[in-house]
Amino acid sequence: MDEHREPDGLRALPAVERLLREEPLRSAARERPRALAVDAARGVLERCRADVRAGDGAVPDVAELAVRAARDLEARTRRRLVPVINATGVVIHTNLGRAPLPADAVDAVEAVAGGYSNLEYDVAAGARGSRQAHVERLVCDLTGAGAAIAVNNNAAAVLLAVSALAAGREVIVSRGQLVEIGGSFRIPDILATSAARLVEVGTTNRTRIEDYERAIGADTAALMRVHPSNFRAVGFTAEAGLPALCDLAARRGLAVIDDIGSGVLAHGPGAAAGVLASEPAAAASIAAGASVVCFSADKLLGGPQAGIAAGTAAAIEAMRAHPLARAVRIDKLSLAALEATLRLHLDPARATAEVPVLQMLVADERDLLAAAVRLHDDIAAAAPPGTTVRVVRATARPGGGSLPLVELEGPALAVTSPAGPDALAARLRRGDPAIVTRVQDGAVLLDPRTIADVELEFVVRGVCAALRALA
Ligand SMILES: *Cc1c(COP(=O)(O)O)cnc(C)c1O
């Protein structure tokens, strides 16, 4: 840039070294890496130059520049991944980290996180062991499968299953099941990535077992069923059931890969059974004869991010031996949480009482009302004039692509501010901890179903502070 054409003010900008000596940047820089502080100072000066050249404002003084650079520097070294309060009523909220872990799972993670563990070491034998040993037996006991493997997530489990059982060959899928789950998980893309060839059969709304039968050729390796997790086709619809698919596959010597998505282990007794009844269960797939059933660990199972594949010894061994298995393997922290969560599921009553996702799905109306009333009373007592606080009826949802038709009725708190619901919701999101809410009918809705008891006082404090700031 030609010096003579520079706007006058730019010559008044301080040098980087001068800016670094100015408070509050000087103090902020003292406890942080020097390179970051220099970079923050440079960045602020550069943005300032660009603004002035664009005719966008005057040159700030050095004190103002130091404030901006200190703010940047602090933001760059602050912890970013932090807890938030989910007041949305969406139980499995993918953007908010899906399932909160059971206390047992948190303990298990803490026990192995800071030190060494027997992750892949057989302590009794003094020899190398398998990380899968910690969960395989539990998955088999819970689903009736002969073998199992845990991987990074369910997308990885499906990719690994198709790769190990059908790469270079054909997989037959119903057109009604070529779904997108969200976050770019699309069944046709997964098959393309695995180098298996997708053979579509049937129509969007109706597919019969004869459609599969006609499509089977010399190159067919597997029949695949995909649970259309996040939507339901209603009306004139039909799919060949899994038992029919397994029967056909057995007669023709093919594998059956079943992606059930959400990870209900079994439909048995237990308080949560009613809510979960409309999701397919892994145990039912195994009983029907699926070679592999794949599901998520952080949806209705209520555990850490992980994917589980359970099935026949031969199918699981093929997956274990595939090179992709290493690329998608589960890490030790997730494995610790998964083992603890699965152990809780051995006793369905205990799982319902101790797995937060299940607790929230079956939450008692009286407990929800007590929490809503407590929020109401504490917030109403401190709310500035012009605010309204009411207990209303609201609908929470399972979320995470699970149980799309299930609506969880219950009490919730509706709060209005003269500043309007969007301003209030934005203010709550900027709090510490951030409170994420839903806006409905001109009010901010706080759903106690997804707010833990220990979080209630933070919600009261956060809402009162936000209302006062906006008054
Ligand atoms: C959620 C889902 C997946 C992806 O599972 P992740 O654990 O998120 O990777 C795959 N298939 C179906 C049917 C699902 O519902």
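Modeller: Let's start with terms: two strands pair if DSSP finds at least two bridges between them. Helices (H or I, at least four residues) and strands (E, at least two) are DSSP runs, numbered from the N terminus. This is a predicted model, where local features need pLDDT of at least 70, side-chain atom pairs count only at pLDDT 80 or more, and totals for chains, interfaces and linings use all residues. Residues are numbered from 1 along each chain as its sequence is written, and side-chain values use heavy atoms, with hydrogens and water left out.

Biologist: Which order do the 7 strands of the open sheet have?

Modeller: In general, strands of a sheet pair through backbone hydrogen bonds, either parallel or antiparallel. Here the order is β5-β13-β12-β11-β10-β6-β9, with mixed pairing. β5 (147–151) and β9 (197–201) are the edge strands; each has a single partner, so one side of each lacks a neighbour in the sheet.

Biologist: What pairing do β11 and β12 show?

Modeller: β11 (residues 255–261) and β12 (residues 292–296) run in the parallel sense, joined over 4 bridges. Look for Ile257, which stands opposite Val292 in β12.

Biologist: Which strands does helix α6 touch?

Modeller: Contact means heavy atoms within 4.5 Å. Axes are lines fitted to C-alpha atoms, for helices over the stretch in contact, and angles run from 0 to 180 degrees between N-to-C directions. Helix α6 (residues 133–143) packs on the sheet against β5, β12 and β13 (307–311), its direction making about 120° with that of β5. Helix α13 (residues 313–321) also touches β5, β12 and β13, but makes about 30° with β5.

Biologist: Now the pockets, please. What volume does the largest pocket have?

Modeller: On a 1 Å grid over the protein atoms alone, a pocket is an open set of points where a 1.4 Å probe fits, with protein on both sides within 12 Å along at least five of seven lines; lining residues have an atom within 4 Å of a point. Grid points are joined across faces, edges and corners, and a volume is the space filled by probe spheres set on the points. The largest pocket has about 1,300 Å³. Of its 42 lining residues, Ala99, Pro100, Leu101, Pro356 and Met360 are the closest to the centre. α18 (365–382) gives the most to this lining, with 4 residues.

Biologist: And which residues lie nearest the centre of the second largest pocket?

Modeller: Thr94, Arg98, Ile181, Ser296 and Lys299, out of 23 lining residues. This pocket holds about 500 Å³ of space, and β11 gives the most to its lining, with 3 residues.
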